[in-house]
Amino acid sequence: MTEPSTPDAPSPDAASLDRAQVDAARAGTAPARAPSAGAPSADETARTVRLATMTAREYEEWVGGGSAVAILPTGAFEQHGPHLPLGTDAILSTAVATAVAERTGAKVLEPFTLGYKSQQRSGGGNHLPGTLSLDADALIAQARQLIRGLLAQGVRHVVVLNGHYENTQFLYEGADLALRDLGLAPGAEQSVMLLSYWDYVSAPTLEAVYPGGFPGWDVEHGGVLETALLLHLRPELVHMDRAVSHPPAAPYRFDRLPVVPERTPGTGCLSAPDGASAEKGELLFTQTVEDLAAELRAELGF
């Protein structure tokens, strides 16, 4: 496939989300908490919820409280077109996990930065440069051993917060095997929750972010959602001057192996990031985090 030409950079008006749309999409959601004078920085706040920054004694006390909840962000090392970083999936899932932990009292594990193989119909394909993946047995074993260890040490609940579509069933298998290893049957007090952050993006938010119509999750790879979130969270990692405008891919209804490379758009993106902005990313992030945190509080009794 011939790579489409690069468009002119969008004007500020085109890149911005209309304020009325933002207000409408935010209706019914909890407002983002504004930092107060003298409040800790984002980095300082993140350190307070990261398990990796705790000492062994602090960890022991946290687990010993009997209500410890650990969030495991998972992602992949995968091309996201010419304008986004290879670590996009883990960066986003970790940011969501950290914000949810700040609102719930949970703690965040270091992310899985490698994931299962990118597939042509959902991620462009494992054949593309820069994509480094795990086989299924490796991802299953990693999830199984980490979840088993946390539960065996007394963590009450493990929340696996996924940021890479292809990981889903292998994380499920790892969690199921960990529970089997520990003899935790239905009705056990300890548990594992598995979720993907995009399942918490509401319909009003999608309408605001995609005023021309949402193209569908099957082509949202390197497109508006991931680009907007990174423009909000890590703008220094986004290269909008390299972004390419092209129609969404038309995924086949089957997988063919070996892949047919020309069926992946030349950019590696399954849809274009046209119209992505930091303001849209803020809306996506705030709404998703608030709804996800509310669900965890309700489900796990925070």
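This is a predicted model: local features need pLDDT of at least 70, side-chain atom pairs count only at pLDDT 80 or more; totals for chains, interfaces and linings use all residues.
Residues are numbered from 1 along each chain as its sequence is written, and side-chain values use heavy atoms, with hydrogens and water left out. Helices (H or I, at least four residues) and strands (E, at least two) are DSSP runs numbered from the N terminus.

**Helix 6 and helix 7**
- The axes of helix 6 (residues 136–152) and helix 7 cross at roughly 45 degrees and come within 7 Å; axes are lines fitted to C-alpha atoms, for helices over the stretch in contact, and angles run from 0 to 180 degrees between N-to-C directions.

- Four strands form an open sheet in the order 2-1-3-4, with parallel pairing; two strands pair if DSSP finds at least two bridges between them.
- The edges are strand 2 (107–108) and strand 4 (191–196), each pairing on one side only.
- Six bridges join strand 1 (residues 69–74) to strand 3 (residues 157–162) in the parallel sense.
- L72 has V160 in strand 3 as its bridge partner.

**Helices on the sheet**
- Helix 7 (residues 168–182) packs on the sheet and touches strand 1, strand 3 and strand 4, its direction making about 175 degrees with that of strand 4.
- Helix 10 (residues 278–300) also packs on the sheet, touching strand 1, strand 3 and strand 4, at about 160 degrees to the direction of strand 4.

Technical notes
Contact means heavy atoms within 4.5 Å.
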